[in-house]
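Subject: Structure for you to look over

Hello,

Here is the structure I promised to pass on. Please open it first, then read my notes below.

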Amino acid sequence: EIADELERTAERARSRSGHAAAYRALRRAAELTSSDERRTRRLASAARAAWNAGRPDEAAALLRATEAETATDADTYAELRHVQRLATDAEKLREEAIHDPLTGLCNRRYLEENLTRELHRAQRGNSPLCVAMLDLDNFKPFNDTFGHDAGDALLRQLGQMLREKLRKSDIACRYGGDEFVLVLPDSSLVDALRRVEQIRVLVKELQSLCLDVELIKSDGHVN
């Protein structure tokens, strides 16, 4: 039902910063739509009951009312679907604006918008917050030797690895080129060092794997 679709879109809007107005509008639209659908169903049920009770004139009148209600709803639904599409498009554009298309990680813009907020949150809660900057060793020579497609493949795998290994509360951003920034809320320095070291080891293994694959390709053993 469209009311359920609007409700789901509203919940997605609520989880996005700057979408509070869209959330309120969509929730209200969902409530009104649900009410309209219930009213239409009641009219149709009453028409069936009147027909089964041998009151055809009453049933016909109720059916006409149902048709009129449905026609009104059709216009309303079309408008609400348009609003829903606009909200979905806005959400998609927002996602594209704050994510790096190659790695799928947040981009520098998102980091600049949210790092201050995370710092304030840590100060208010008197909780630790660590920020780490990572860069890939010898990435330029790798790119120069094996080509940009191989470099892009390495960056994509790195992005996937970070998304899998970090917590949902952590923020991983591609700062630019082969540089990445990790924001680790509620992590002590000792804990952050341990986690970053784990990532360093995984990145080294990933680089070695990609290097082996490219060397095999260059030798002609893999098409």
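A word on confidence comes first: pLDDT is the predictor's confidence in each residue, on a scale from 0 to 100. The chain averages a pLDDT of 75, and 55% of the residues score at least 70. This is a predicted model, so local features need pLDDT of at least 70 and side-chain atom pairs count only at pLDDT 80 or more, while totals for chains, interfaces and linings use all residues. Residues are numbered from 1 along each chain as its sequence is written, and side-chain values use heavy atoms, with hydrogens and water left out.

Overall layout

The chain holds seven helices and three strands. Both are DSSP runs numbered from the N terminus: helices are H or I with at least four residues, strands are E with at least two. Read from the N terminus, the order is α-α-α-α-β-α-α-β-β-α. Confidence is lowest in helix H1 (residues 2–14), with a mean of 58. It is highest in strand S3 (residues 179–185), at 95.

Of the 223 residues, 35% count as buried. Buried means under 20% relative accessible area, exposed means over 50%, and partly exposed lies in between (1.4 Å probe, protein chains only). The accessible surface of the chain is about 14,000 Å², and carbon and sulfur atoms account for 53% of it. These areas come from the Shrake-Rupley method with a 1.4 Å probe; for residues, only the protein chains shown count as cover.

Contact means heavy atoms within 4.5 Å. Among contacts between residues at least 6 apart in sequence, 61% join residues at least 24 apart.

The strands

Start with S3. Six of its seven residues are buried, so S3 is largely enclosed by the rest of the structure. Two strands pair if DSSP finds at least two bridges between them. S3 is joined to strand S1 (residues 129–135) by seven bridges, and the two run antiparallel. Strand S2 (residues 171–176) is joined to S3 by five bridges, also antiparallel.

S2 and S3 form a hairpin with two residues between them. In that turn, Gly177 has a positive phi of about 60°.

The cores

A nonpolar core is a set of buried Ala, Val, Leu, Ile, Met, Phe, Trp, Tyr and Cys residues joined through side-chain atoms within 4.5 Å. The largest one has 23 residues. Those touching the most other members are Leu136, Leu158, Leu162, Leu166, Phe180, Leu182 and Ile199. S1, helix H5 (139–146), H6, S3 and helix H7 (189–218) each supply at least two residues of this core. H6 gives the most, with six residues.

Leu182 shows the packing well. Leaving aside neighbours within four places in sequence, Leu182 is in contact with Cys130, Val131, Ala132, Leu134, Leu162, Leu166, Ile171, Ala172 and Ile199. There is also a second, separate core of eight residues, including Ile98, Tyr110, Ile171 and Val183.

H6 covers residues 148–165. At 1.5 Å a residue, its 18 residues should span 26 Å, and its end C-alpha atoms are 26 Å apart, which agrees. The expected span is 1.5 Å times one less than the number of residues. The buried residues of H6 are Ala150, Gly151, Leu154, Leu155, Leu158, Gly159, Met161 and Leu162.

Asn143 sits in H5. At 13% relative accessibility, Asn143 counts as buried. Not counting residues up to four places away in sequence, Asn143 touches His148 and Gly151. Asn143 and Leu154 are eleven residues apart in sequence and 9.8 Å apart in space, C-alpha to C-alpha.

Two loop residues

Asn126 lies in the loop between helix H4 (108–125) and S1. Its phi is near 50°, a positive value in a residue other than glycine. Asn126 is exposed, with a relative accessible area of 72%.

Asp186 is in the loop between S3 and H7. Its phi is near 55°, again a positive value in a residue other than glycine. Asp186 is exposed too, with a relative accessible area of 53%.

Best wishes
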